[in-house]
Amino acid sequence: MNELLTVAMPKGRIFEEAAELLRKAGYGLPQEFDDSRKLIVDAPEAGMRFILAKPMDVPTYVEHGVADVGVAGKDTMIEEERDVYEVLDLKISECYLAVAGLPGYVEKGIAPKVASKYPNLATQYFKEQGEQVEVIKLNGSIELAPLVGLADRIVDIVSTGRTLKENGLVELETIVPITSRLIVNPVSYRVKDKLIDELVERLAKVIEEDEQ
Ligand code: PRP
């Protein structure tokens with residue numbers, strides 16, 4: 001039997017772009033991949049098995065070696081240091097991390113509250129700015145926090161800017177641009193080097209062509 005590559009894919013908004021990239025790179029993926037709610041999808045034609053995880057969890061599956069490779073946002077990689085190799089910038093799901101708040105925000109108190117899905121990143125960012133803040137970890141809908149008085153500011157992903165706008169928030173500072181990355185388990189990279197090198201080469205070619 002041919003050796004399979006297990007790929008951890010993020011469910012949600014990155015998924016479609018990542019699947020399109022793989023298809024463009026010549027990996028035949030079944031229709032079931034897009035339509036079903038299955039969490040494990042075999043793609044024998046591509047020589048791959050996919051596991052579909054929450055975006056923040058993709059590095060965990062790869063680090064523990066249950067997936068050989070994965071597609072992970074740079075945001076998740078900055079937030080938690082992982083024992084994985086980041087081998088390719090896939091240049092998909094472009095967005096950025098920013099500090100946002102209500103318009104006319106003025107700092108009050110000694111340690112203003114900052115809500116974020118990225119507590120480590122937010123803590124580090126404000127430390128570098130020489131600002132003392134209290135970080136409150138939330139799991140989503142971060143924009144809600146300043147609206148209801150849970151936090152003074154937020155650190156979150158901005159993509160189209162619609163969520164901020166529709167909730168009457170404004171961007172205060174840009175932190176860092178974000179794209180999705182191909183990450184690899186170090187042991188898999190030794191054992192399945194040929195398969196992984198081929199994947200990287202084929203994806204890199206598509207990314208380069210798309211940029212022209
Ligand atoms: C992300 C992010 C923002 C929003 C930004 O949330 O946390 O809330 O998208 O996108 P926009 O600039 O295009 O409006 P997501 O939709 O992934 O869900 P979440 O709030 O549950 O994290």
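In which sense do strand β1 and β4 pair, and over how many bridges? In this predicted model, strand β1 (residues 5-10) and β4 pair in the parallel sense, and 2 bridges link them. Opposite A8 stands G70 in β4. Strand β4 also pairs with strand β11 (residues 180-184), here in the antiparallel sense and over 5 bridges. G70 takes part again, with I183 as its bridge partner in β11.

Strand β4 spans residues 69-73 and is mostly covered. Of its 5 residues, 5 are buried. V69, V71 and G73 point one way from the strand. G70 and A72 point the other way. Residues on both sides of β4 are buried.

A further set of 5 strands forms an open sheet. The order is β8-β7-β9-β6-β10, and the pairing is mixed. Strands β8 (134-137) and β10 (170-178) form the edges, each pairing on one side only. From one strand to the next, the twist averages 25 degrees. Within this sheet, strand β6 (residues 95-101) runs antiparallel to β10, and 7 bridges join the two. Y96 is placed opposite P177 in β10. Strands of a sheet pair through backbone hydrogen bonds, in either the parallel or the antiparallel sense.

V191 lies in helix α8 (residues 186-191). Its relative accessible area is 54%; the cut-off for exposed is over 50%. V191 is therefore classed as exposed. The C-alpha atoms of V191 and D68 are 9.8 Å apart, although 123 residues separate the two along the chain.

Notes
Residues are numbered from 1 along each chain as its sequence is written. This is a predicted model: local features need pLDDT of at least 70, side-chain atom pairs count only at pLDDT 80 or more; totals for chains, interfaces and linings use all residues. Side-chain values use heavy atoms; hydrogens and water are left out. Helices (H or I, at least four residues) and strands (E, at least two) are DSSP runs, numbered from the N terminus. Buried means under 20% relative accessible area, exposed over 50%, partly exposed in between (1.4 Å probe, protein chains only). Two strands pair if DSSP finds at least two bridges between them. Axes are lines fitted to C-alpha atoms, for helices over the stretch in contact, and angles run from 0 to 180 degrees between N-to-C directions.
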